[in-house]
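We will go stop by stop.

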Amino acid sequence: MGENAISGHLKNLKIDTGRSETLVVCFGEMLIDFVPTVGGVSLAEAPAFKKAPGGAPANVAVGVSRLGGSSAFVGKVGDDEFGKMLAEILRLNNVDNSGMRFDHKARTALAFVTLRADGEREFLFFRHPSADMLLTEAELDKNLIQKAKIFHYGSISLIKEPCRSTHLAAMKIAKAAGSLLSYDPNLRLPLWPSEEAARKEIMSIWDEADVIKISEDEITFLTGGDDPYSDEVVLQKLFHPNLKLLVVSEGPNGCRYYTKEFKGRVSGVKVKAVDTTGAGDAFVSGLLNSLASDLTLLTDEKKLREALLFANACGAITVTERGAIPAMPTMDAVQELLKSSRS
């Protein structure tokens, strides 16, 4: 190989490793959401449903990629038309889907989701069991997980075996490889056998995470009814010694942040909301995309505040469109919104 060819080859190698240096690997469920074709009705009243790809970890993977970042998804779907469709959606959105597995016996999970007229979300899940719950440790793509700059997960994968043990094994692999562990519990109570089981399992891996994002409702739930707006409650009951960043998302009102050195809040970005599905996932993808490029955000308050404002804008754009994955914003769209909101 001539000298020019070698330097060209090394250049290519550098590009490849550069991609994995900012890789966000998302672990967990990917499913099909069925959303009513009209708003403000209960599931029983809905005249028809539109199918949309969903599942919080998969939403985050697409969100990171949409922003120009590098992401991968690890999880299991059914070896059925819906499962193949989901793998293809990830591929079309430039998400590495090589960590996906297909189950021949179980179906891809389905969720019927509606926003009723009273503003409450109603869920009906079909997972008895669904393929995502059946991922085994032997099926994990360990090499892919070891490449993660950030390893991100939720709590739904903790509900049932074998997925629960697989989730714990994946966290261990990522931690050993030096990945930053990111946790968004994403509480879905109807999926858990009881409130007590949900609280216990969600908290069972709490102290492992480097970055945690929770909502106000989740604070109330996890603390057994304490005030979600109290800094004292958050710091005493939910902040742990290994934690580098805890973020509380407050929907249109923005977010609060807590680190060992500082705490504060960042205002939301005003938009007209159409559908809040996926807003929290878009927020997380905005934050993780910034973190994957620059971990010093965790110790630099000015930089962190900028990253959180960016994440707030990601969430804001998502509520202006229906569905989660279709509404995930591009970098240009986020910068445009931030520019117009400043002027």
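Contact here means heavy atoms within 4.5 Å. With that in mind, select helix α3, residues 81-92, which lies across β4 and β5. Its direction makes an angle of about 175° with β5. Keep in mind that this is a predicted model.

**The sheet**

Now select the strands. Nine of them form an open sheet, in the order β5-β4-β1-β8-β9-β10-β11-β12-β13, with mixed pairing. β5 (96-103) and β13 (263-266) are at the edges with a single partner strand each, so one side of each has no neighbour in the sheet. From one strand to the next, the twist averages 15°.

Zoom in on β11 (residues 245-249) and β12 (residues 255-258). These two run antiparallel and are joined by four bridges. Pick Ser-249: opposite stands Cys-255 in β12.

Next, select helix α2, residues 56-66. α2 lies across β1 (23-27), β4 (70-78) and β8 (150-153). Against β4, α2 runs at about 150°.

**Salt bridges**

Side chains of opposite charge can pair when their charged atoms come close. How many salt bridges does the structure hold? There are 18. Visit a few.

Select Asp-210 and Lys-175. They form a salt bridge, with the closest N and O atoms 3.9 Å apart. This pair links distant parts of the chain, 35 residues apart: Asp-210 is in the loop between α6 (195-204) and β10 (211-215), and Lys-175 is in helix α5 (residues 163-176). Asp-210 counts as buried because its relative accessibility is 5%, whereas Lys-175, at 36%, counts as partly exposed.

Move to Glu-195 and Arg-199. Their closest N and O atoms are 3.8 Å apart, in another salt bridge. Both sit in helix α6, four residues apart, so about one helical turn separates them.

Then try Asp-231 and Lys-263, which meet in a salt bridge at 4.0 Å, N to O. Asp-231 is in helix α8 (residues 231-238) and Lys-263 in strand β13, 32 residues apart.

For a network, select Lys-76, Asp-103 and Glu-139, which salt bridges link together.

**Last stop: Asp-141**

Select Asp-141, in the loop between β7 (121-126) and α4 (142-146). Is Asp-141 buried or exposed? Asp-141 is buried, yet has no salt bridge. The nearest side chain of opposite charge is Arg-101, 4.4 Å away. A salt bridge needs the nitrogen within 4 Å of the carboxyl oxygen.

Show the neighbours too. The side chain of Asp-141 reaches the backbone nitrogen of Leu-144 at 3.1 Å. Leaving out residues up to four places away in sequence, Asp-141 touches Ser-98, Gly-99 and Arg-101.

Conventions. Residues numbered from 1 in each chain as written. Predicted model: local features only at pLDDT ≥ 70, side-chain atom pairs only at ≥ 80, totals over all residues. Heavy atoms only, no water. Buried < 20%, exposed > 50% of the residue type's maximum accessible area, 1.4 Å probe, protein only. Lys, Arg positive; Asp, Glu negative; His and termini not counted. Polar contact = N/O pair within 3.5 Å; in protein donor to acceptor, adjacent residues only side chain to side chain. Pairing = 2+ DSSP bridges. Axes fitted to C-alpha atoms, helices over the stretch in contact; angles between N-to-C directions.
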